[in-house]
Amino acid sequence: ALYLVLYPGLGRFQGAWNWSSAEQWRQEKARVDAEFDKVLRPYLSQDVRAVAADPKAMESGRRLYLTYCSQCHGSDGQGSRDFPNLTDGLWLWGGDPDQVKQSITNGFQAEMPALGDAVGGEQGAREVAHYVLSLGGRPHDPTLAAAGKEKYAACAGCHMEDGTGMAAAGFPNLIDEASRFGNTEEAIVESILKGRVGGMPAQAHLGEAKIHLLTAYVLSLSKGK
């Protein structure tokens, strides 16, 4: 009876102490975050690249990365289909410290519309795919690529005429080796016909100190590339 007076257990009655497991979790998290902040905040006054060169800081950064980032990007940072490789030095949204920090803090949402109708269906998509392959100097069919050059105009507004994209807007470079969805002929055809939707959730809730350390660790994975 005393328990049911003090704690929730009778319908919507919250108990005299107004206790909840959610509130207890929030209090415990705030206490732990405060302890983390004492350890990590000194790094905020240091340049990101200086932090990346500090072995002790990178050990903390690795633990943060394994907790918050490895589920998508892999424990080694090499990603997988749909999740970018963080070790190759090729960046969709820019790879300087401020841009990486912006990506972690605010996340991003990107979408490519289906362009099957614009390029003339599956055959047109295949021709454009071979033209894209030719832009990157990869194996392609010259005849199909020639036919796809004019149709590529439907793509050039975002990916630029030379296929180099536009990092500021998150439009992928089509001529480098990085590709979230694959850069084979079939993968490119699928992207053109069906479009793509991708994104990264914002991590602002981690706080400034953790994000600063994560930025340094992510840049360290690319080994200065």
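Predicted model: local features only at pLDDT ≥ 70, side-chain atom pairs only at ≥ 80, totals over all residues.
Visitor: What makes Asp 96 a cap of the N-terminal end of α6?

Guide: A side-chain oxygen of Asp 96 lies 3.1 Å from the backbone nitrogen of Asp 98. A polar contact is a pair of N or O atoms within 3.5 Å; within protein, one must be able to donate a hydrogen and the other to accept it, and residues adjacent in sequence count only if both atoms are side-chain atoms. The value of 3.1 Å therefore falls within the limit.

Visitor: Which residues of helix α6 are buried?

Guide: In α6 (residues 97-106), these are Pro 97, Val 100, Ser 103 and Ile 104. They cover an arc of only 130° around the axis, taken from the directions to the C-beta atoms, so they lie on the same side of α6. Their cover includes α3 (48-52), β1 (108-112), β2 (196-200) and α12.

Visitor: Why is Ser 222 called buried?

Guide: Buried means under 20% relative accessible area, exposed means over 50%, and partly exposed lies in between (1.4 Å probe, protein chains only). Ser 222 has 2%, and is therefore buried. Ser 222 lies in the segment after α12 (208-221), and touches Leu 86, Thr 87, Gly 89 and Trp 91, not counting residues up to four places away in sequence; contact means heavy atoms within 4.5 Å. A polar atom of the Ser 222 side chain also lies 2.8 Å from the backbone oxygen of Leu 219.

Visitor: How do you know that the side chains of Arg 26 and Glu 23 meet in a salt bridge?

Guide: A salt bridge requires a side-chain nitrogen of Lys or Arg within 4 Å of a carboxyl oxygen of Asp or Glu. For Arg 26 and Glu 23 the N to O value is 3.1 Å, so the pair qualifies. The two residues are three apart in helix α2 (residues 21-40), which means a separation of about one helical turn. Arg 26, at 45%, is partly exposed, and Glu 23 is partly exposed too, at 31%.

Visitor: How many salt bridges does the structure hold?

Guide: The structure holds 11 salt bridges. One of them joins Lys 210 and Asp 33, whose closest N and O atoms are 3.7 Å apart. Lys 210 lies in helix α12 and Asp 33 in helix α2, so this pair ties together parts that are 177 residues apart in sequence. Lys 210 is buried at 8%, whereas Asp 33 is partly exposed at 27%.

Visitor: What value shows that the side chains of Glu 127 and Lys 151 meet in a salt bridge?

Guide: The N to O value for Glu 127 and Lys 151 is 2.9 Å. Glu 127 lies in helix α8 (residues 121-135) and Lys 151 in helix α9 (residues 142-151), so the pair ties together parts that are 24 residues apart in sequence. Glu 127, at 11%, counts as buried; Lys 151, at 29%, is partly exposed.

How values were computed:
Residues numbered from 1 in each chain as written. Heavy atoms only, no water. Helix = DSSP H or I, 4+ residues; strand = E, 2+ residues; numbered from the N terminus.
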